[in-house]
Amino acid sequence: MSAVLEPDTPTVLVYRGSEIARYGFGDPHPFGTDRHDVFQKELETEDLGAAIAYASPRRATVDELMLFHTADYIDHVSRKSQSGRGYLDEGDTPAFPGVFDAASDVVGTTLAAVDAIMAGEVRRAFVPIAGLHHAARERAAGFCVFNDCGVAAEYLRRNYGLKRIAYVDIDAHHGDGMFYGFEDDPDLIFADIHEDGRHLYPGTGAESETGTGRARGTKLNLSLPPGADDAEFRRAWRRVEAYLDAARPEFILFQCGADSLEGDPITHLCLTEQAHADAAATLCRLADKHCEGRIVGTGGGGYNRRNLARAWTRVVRSFAEAG
Ligand SMILES: [Zn+2]
């Protein structure tokens, strides 16, 4: 499926547009609709030149949503989107008018990134407002309505016949929607470094959680204590690297939530943006070795605006520098 890239061909596609920018919950919710523009402005100052190109969002169809989500849950979001009142879950994720379309645009854009890579247009892509990792197959959770990475993993299987998809998550929160959504699936390669669930939402992701049934022992959850810094992250990351190298994925989905950086208003980790840059560079090397370079980065969480702008920009820079 991959094409040989000309030297002057952009190596990273970055998705931008009001369709994904509007996914957010308004002031004073930490997941505001300003996050997209804060990142895009920072990226513009980085001068990555011809290494990056921009692409526009697209909307996921209901059939695509149903690759991961239940029909009942999709109907629930559709109804709440019309009234725009109340919560989609127990009180973290408010409904708003048009939330169905906004959440479908996030999913569709991650799928567009997958399509561009599988068509050989580029080898890396980044979607800032995406990586909504708490959404379960049958419910919203933790600011996440539809799980774009969950849909993307199923989409890669159905549309492209890939089997071994890796999901790698360095957001401060455990990616519970992805973990439990594929808990018994040994071919969904899962590695997640997060703040210890005894101190942070959603409370899951203990190291003893390695999968169930046929997948028992195949997934990697690594917890960091509150206050953990880059050195502690690097120790955990070496295990992720060895795990992924042994697992030989065919495609990598990277959730690089910036709420693991010091100064986030709702978490307690103390990483710097260098952790995100280094993780992205390593993943590109692994992608080159095992899966023709194919990696999609998604922004995930991050509520300190400077942190998300810097961390995501460094991820894009690492993608670009990896060629
Ligand atoms: Zn988070």
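Which residues does Trp312 touch, not counting residues up to four places away in sequence? The first legend answers this. The model is predicted: local features need pLDDT of at least 70, side-chain atom pairs count only at pLDDT 80 or more, and totals for chains, interfaces and linings use all residues. Residues are numbered from 1 along each chain as its sequence is written, and side-chain values use heavy atoms, with hydrogens and water left out.

**Figure 1. Trp312 and its contacts.** Trp312 lies in helix 10 (residues 305–322). Helices (H or I, at least four residues) and strands (E, at least two) are DSSP runs, numbered from the N terminus. Trp312 touches Arg35, Phe39, Phe126, Pro128, Ile129, Cys256, Ala258, Gly299, Gly300 and Gly301, residues up to four places away in sequence not counted. Contact means heavy atoms within 4.5 Å. Trp312 counts as buried because its relative accessibility is 0%. Buried means under 20% relative accessible area, exposed over 50%, and partly exposed in between (1.4 Å probe, protein chains only). From C-alpha to C-alpha, Trp312 and Gly297 are 8.9 Å apart in space, and 15 residues apart in sequence.

Figure 2. Two strands pair if DSSP finds at least two bridges between them.

Figure 3. Three bridges join strand 1 (residues 12–15) to strand 3 (residues 124–127) in the parallel sense. Val12 has Arg124 of strand 3 as its bridge partner.

**Figure 4. The largest nonpolar core.** This core has 109 residues. A nonpolar core is a set of buried Ala, Val, Leu, Ile, Met, Phe, Trp, Tyr and Cys residues joined through side-chain atoms within 4.5 Å. Tyr23, Phe146, Phe251 and Phe254 have the most contacts inside the largest core. Helix 5 (residues 99–118) gives the largest share of this core, 13 residues. With neighbours within four places in sequence left aside, the contacts of Tyr23 include Phe31, Ala102, Val106, Ile129 and Phe143.

**Figure 5. Thr109 in helix 5.** Thr109 lies in helix 5. Thr109 has a relative accessible area of 0%, so it is buried. Leaving aside neighbours within four places in sequence, Thr109 is in contact with Tyr15, Ile20, Pro57, Arg58 and Val127.

**Figure 6. The zinc site.** Asp171 (OD), His173 (ND1) and Asp259 (OD) coordinate the zinc ion at 1.9 to 2.1 Å. Donors are N, O and S atoms within 2.8 Å of the metal (3.2 Å for Na, K and Ca); water is not among the atoms, so sites may look incomplete. Along the chain, the zinc donors follow the spacing D-x1-H-x85-D. Asp171 is buried, at a relative accessible area of 1%. His173 is also buried, at 6%.

Figure 7. Helix 8 (residues 230–247) has 18 residues, which at 1.5 Å a residue should span 26 Å. The expected span is 1.5 Å times one less than the number of residues. The end C-alpha atoms of helix 8 are 25 Å apart, which agrees. Its buried residues include Phe233, Trp237, Tyr243 and Leu244. The buried residues of helix 8 pack against strand 4, strand 5 (188–195), strand 6 and helix 9.

Figure 8. Most residues other than glycine have a negative phi, and most peptide bonds are trans. A cis peptide bond joins Asp27 to Pro28, with omega about 0 degrees. Pro28 sits in the loop between helix 1 (18–21) and helix 2 (35–44). Tyr201 and Pro202 are also joined by a cis peptide bond, with omega about 0 degrees. Pro202 is in the loop between strand 5 and strand 6. Asp47 is not a glycine, but has a positive phi of about 55 degrees. Asp47 lies between helix 2 and strand 2, in the loop, and is exposed, with a relative accessible area of 65%. Glu292 has a positive phi near 55 degrees. Glu292 lies in the loop between helix 9 and strand 8 and is partly exposed, with a relative accessible area of 42%.
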